[in-house]
Each structure stands twice: as C-alpha cells, then as structure tokens.
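This report accompanies the model shown below.

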Amino acid sequence: MADVEQAERPAADGSGAAPGYRPRATLPMSAEFRRQASRRRTQLALGFMVLLPLIILIAFQFESGDDDNGGGEFASLIEFATANGLNFTLFTLFVSASFLLVVVVALFCGDTVASEASWGSLRYLLAIPVPRSRLLAVKLVVALAYSALALLLLAGTALLIGTLRYGWGPLQSAVAAEIPAGEGLLRLLGILGYLAVVLLVVAGLAFLLSVTTDAALGAVGGAVLLWILSSILDQITALGVLRDFLPTHYSSAWLGLLSTPVQTDDIVRGSISAISYATIFWGLAFWRFTRKDVVS
C-alpha cells in the first residue's frame with residue numbers, strides 16, 4: 001500500500017513529472033555529436049572540405065600561364081591566388097562561398113530533423129520523453145557546430161597546403177596595397193567570421209524547412225534554391241532599394257576587408273540582416289515544431 005502511495009505522490013517540484021526526471025538530461029549534446037559524426041553525409045561533407053583545396057592546388061599546376069582571367073572585381077583574387085598561402089586561402093574561400101558552403105550548411109541544418117522524421121525515429125525521441133524545445137535546440141547547436149567545423153577545415157587546409165606550396169607572404173589584391181602577413185591573417189579570420197554570419201541565413205532557412213517536411217532532400221534543396229533565387233533577384237537593378245532587403249545582398253561585403261582602409265559599413269549592414277533573418281527563421285521553426293503533430 002505504501003508503494004502505491006509513493007508512486008501516486010506528485011513530484012517535489014510540483015511539475016507533475018515523474019520523480020527523478022530531468023528534461024535537461026535528455027538527449028545529451030555529446031550523444032548528438034557522436035550520432036551525427038557517425039553519419040556518412042557528415043563524413044563525406046567534412047572530407048570534401050579537406051579535399052577541395054587539394055583539387056584546386058592540383059588544378060593550378062596545369063595552368064598554362066596565358067589564360068585570360070577576365071575582368072571584374074574578383075579578377076585580382078585569381079591573379080594572386082598562387083602568390084602565397086594567404087592568397088591561396090582567400091581564393092579557395094571565394095570559389096566556395098557562393099555555392100559549396102551554402103550546400104554544406106544547408107545539408108547539416110536541413111537534414112537534422114527531417115531525416116529523423118523520414119526514418120520514423122523522431123516520435124521515439126519525443127516519447128523518451130525529450131522536450132521538443134530541447135530536441136530542437138540540441139540539433140540546431142550540433143548542426144551549427146558541424147557547419148563551423150566545415151568552414152574551418154576548408155580554410156585551415158587551404159592555408160596549410162597553400163603555405164607549404166607557395167610560401168608565406170603578405171596578402172595581395174588589386175584593390176589595396178600589400179597587407180603584411182600578420183595583419184593579412186587577421187583579415188582572413190575576419191572574412192571567415194563574416195562568411196559564418198552570412199551563412200546563418202541558410203542555416204535558419206534550412207532548419208525551418210527541416211521541421212516542416214519529412215523529406216530531408218526537400219529541406220536541403222529548398223534552402224539552396226531559395227538562396228540562389230535571392231542571388232538572382234539581387235542582380236536585377238530594376239528592383240531598386242528592395243534589393244537591400246534580400247538576404248544575399250551583402251554576401252560579398254567581405255571585400256571591404258581587403259581594402260585600405262578597411263570598409264566595414266556593408267559588413268555591419270550584412271551582419272544585422274543575416275542575424276535578423278536567421279533569428280526569424282529559427283523562431284518560426286521552434287514555433288512550428290512545438291505545435292506540430294509528429295506522426296513519423
């Protein structure tokens with residue numbers, strides 16, 4: 001009889017939860033990191049981040065020396081790509097930022113919830129029970145962490161093999177005087193930081209789509225396609241001031257870090273825009289998921 005009374009007694013905190021149940025102890029962050037690390041798409045994505053600089057390095061070995069790189073604001077990045085390790089890293093980031101990094105971030109953030117739903121394991125996670133808000137928070141943090149790791153692996157590998165192949169020297173471009181190597185490294189870190197902030201928009205959009213569909217490919221592809229659509233619209237000058245509100249409008253503002261003196265106006269505007277969009281998308285994702293009828 002005493003055992004029955006003990007079982008029916010409410011929790012000491014008055015929450016009605018079972019004795020000993022701690023919502024914050026469910027789905028540990030370390031467990032989610034290990035789960036995602038064991039997935040083939042994570043291993044392939046991170047592996048390609050290491051492989052891409054090697055592919056670019058090999059491609060430069062076949063350069064004939066008389067190719068026309070064309071004009072435009074990015075021509076100097078191609079011209080000085082083999083000057084030293086810093087320039088090689090800058091060129092690698094340039095060719096990756098507009099599409100490859102978008103796909104990788106969309107993959108990590110768009111696949112994280114939708115894949116659980118497609119496998120039928122999402123409802124079992126919630127039945128453990130894992131609070132919905134905690135499940136989303138853990139998955140979002142882990143997805144962002146792997147996205148940041150991919151960016152660091154790409155830049156770190158490019159800097160290492162670029163320095164080993166082309167040496168260490170000042171950062172060069174056609175829009176400014178030579179930047180000393182130490183300061184150039186700091187500016188390169190600033191470019192990495194800004195790219196990470198801009199890609200938060202992709203992360204937010206992919207995460208929102210991930211909680212609204214059971215198809216992981218749809219969430220990833222949808223985020224990439226919407227980013228491309230924004231980039232296309234940004235090229236239409238007839239839109240006028242409306243282009244300023246597109247999430248991709250300031251995606252190339254990192255060029256201001258290559259000028260002398262540094263131009264930060266567009267970087268500040270781009271950071272505010274990206275953080276605002278990402279916050280809205282994440283807020284909608286949490287709002288949608290906490291009210292969603294999970295049946296898969």
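## Surroundings of Arg 187

Leaving aside neighbours within four places in sequence, Arg 187 is in contact (heavy atoms within 4.5 Å) with Ile 179, Leu 257, Leu 258, Ser 259, Thr 260 and Val 262. Arg 187 lies in helix α9; helices here are DSSP runs of H or I with at least four residues, numbered from the N terminus. At 10% relative accessibility, Arg 187 counts as buried, a term that means under 20% relative accessible area, with exposed being over 50% and partly exposed in between (1.4 Å probe, protein chains only). Arg 187 and Gly 256 are 69 residues apart in sequence, and their C-alpha atoms are 10.0 Å apart in space.

## Basis and confidence

This is a predicted model, in which local features need pLDDT of at least 70 and side-chain atom pairs count only at pLDDT 80 or more, while totals for chains, interfaces and linings use all residues. Residues are numbered from 1 along each chain as its sequence is written, and side-chain values use heavy atoms, with hydrogens and water left out.

The protein chain averages a pLDDT (the predictor's confidence in each residue, from 0 to 100) of 84, and 80% of the residues score at least 70. Over residues 1–16 the pLDDT is below 50, and this stretch has two contacts in the model beyond near neighbours in sequence. Where pLDDT is low, the predicted coordinates should not be read in detail.

## Annotated segments and helix α11

An unreviewed UniProt entry carries the annotation "transmembrane region" for residues 44–62, 90–114, 135–164, 184–208, 215–233 and 267–287; such annotations may be inferred rather than shown by experiment. In the model, residues 135–164 are 100% helix and 0% strand, with end C-alpha atoms 43 Å apart. Residues 184–208 are 96% helix and 0% strand, with end C-alpha atoms 37 Å apart.

Buried residues of α11 include Ala 216, Gly 222, Trp 227 and Asp 234. Among the elements covering the buried residues of α11 are α6 (100–119), α9 (181–198) and α10 (200–212).

## Aromatic rings

The structure holds seven aromatic pairs. Rings of Phe, Tyr and Trp (its six-membered ring) pair if their centres lie within 6.5 Å; planes under 30 degrees apart count as stacked, over 60 as edge-to-face and the rest as tilted. Phe 91 and Phe 94 form a tilted pair, 6.2 Å centre to centre with 55° between the planes. Phe 91 and Phe 94 are separated by about one helical turn because they are three residues apart in helix α5 (residues 85–97). Phe 91 is buried, with a relative accessible area of 10%. Phe 60, Phe 88, Phe 91, Phe 94 and Tyr 166 form one aromatic cluster.

Notes:
Helix = DSSP H or I, 4+ residues; strand = E, 2+ residues; numbered from the N terminus.
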